[in-house]
Amino acid sequence: MRNVERVAILADIHGNSAALEAVFEDINKIDVKHIVFAGDLVMNGPHPAKVLDRVISSHQPGVIGNTDEEVLNRIDNVAKWTAGQLQPSHIQFLCNLPLSYRVTPPYGKSPEEDLLIVHS
């Protein structure tokens, strides 16, 4: 029998720090081996900086989402407002997020058995 590890994939947080904290509370109650952020971390919610502070402090990998890119490119007033709430370190963090991330299962072969995480 193969070992199974749980992976929590958190996507579309959209600056909602209360929801993110609730999800972290639930994750702490179960045996999760990996947490991966699957994009859309900041735009459209009231607390983009607080969300990024929590994501960064978790030291978990992630990928960039389309609204994260919109914030970086300041495409409209909402994206401009969101970018204005962020520190330069937050912007740098978003700029460094990759388009994809792979999780290889225990005893798995990469890349054929990887879990590929993207934001589409």
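**Figure 1. The protein chain as a whole has an accessible surface of about 7,100 Å², of which 51% belongs to carbon and sulfur atoms.** Accessible areas come from the Shrake-Rupley method with a 1.4 Å probe, and for residues only the protein chains shown count as cover. This is a predicted model, in which local features need pLDDT of at least 70 and side-chain atom pairs count only at pLDDT 80 or more, while totals for chains, interfaces and linings use all residues. Residues are numbered from 1 along each chain as its sequence is written, and side-chain values use heavy atoms, with hydrogens and water left out. The protein chain contains 5 helices and 5 strands, which follow one another in the pattern β-α-β-α-β-α-α-α-β-β; here helices (H or I, at least four residues) and strands (E, at least two) are DSSP runs, numbered from the N terminus. Along its principal axes the C-alpha trace spans about 55 × 30 × 20 Å. Of the 120 residues, 38% count as buried, where buried means under 20% relative accessible area, exposed over 50%, and partly exposed in between (1.4 Å probe, protein chains only).

**Figure 2. The largest nonpolar core has 24 residues, and those with the most contacts inside it are Leu10, Leu20, Ile35, Phe37 and Leu41.** The elements giving two or more residues to this core are E1, H1, strand E2 (32–38), helix H2 (48–58), helix H4 (77–85) and helix H5 (88–96), and the largest share, 4 residues, comes from H2. A second, separate core of 5 residues includes Ala38, Val63, Val103 and Ile117. A nonpolar core is a set of buried Ala, Val, Leu, Ile, Met, Phe, Trp, Tyr and Cys residues joined through side-chain atoms within 4.5 Å. In soluble globular proteins, nonpolar side chains tend to be buried together.

**Figure 3. Phe37 and its partners are shown with contact taken to mean heavy atoms within 4.5 Å.** Not counting residues up to four places away in sequence, Phe37 touches Leu10, Ile13, Leu20, Phe24, Val55, Ser58, Gln60, Pro61, Gly62 and Val63. Across the protein chain, 73% of the contacts between residues at least 6 apart in sequence join residues at least 24 apart.

**Figure 4. Helix H2 packs through its buried residues against H1, E2, H4 and H5.** These buried residues are Pro48, Ala49, Val51, Leu52, Val55 and Ser58. His59 follows H2 and has a positive phi, near 55 degrees.

**Figure 5. Leu94 and Asn66 are each placed in relation to Asp40.** Leu94 lies in helix H5 and counts as buried, with 0% relative accessibility. Leaving aside neighbours within four places in sequence, Leu94 is in contact with Leu41, Val42, Leu52, Ile64, Asp68, Leu72 and Leu86. Asn66, in helix H3 (residues 66–73), is partly exposed at 36% relative accessibility, and its C-alpha is separated by 6.4 Å from that of Asp40, 26 residues away along the chain. With neighbours within four places again left aside, Asn66 is in contact with Asp40 and His119.

**Figure 6. Two loops hold backbone features at Asp12, Tyr107 and Pro111.** Most residues other than glycine have a negative phi, and most peptide bonds are trans. Asp12, in the loop between strand E1 (6–10) and helix H1 (17–27), has a positive phi near 55 degrees and is partly exposed, with a relative accessible area of 41%. Tyr107, in the loop between E4 and E5, also has a positive phi, near 65 degrees, and is exposed, with a relative accessible area of 66%. Pro111 lies in the loop between strand E4 (100–103) and strand E5 (115–118), and a cis peptide bond with omega of about 5 degrees joins Ser110 to Pro111.
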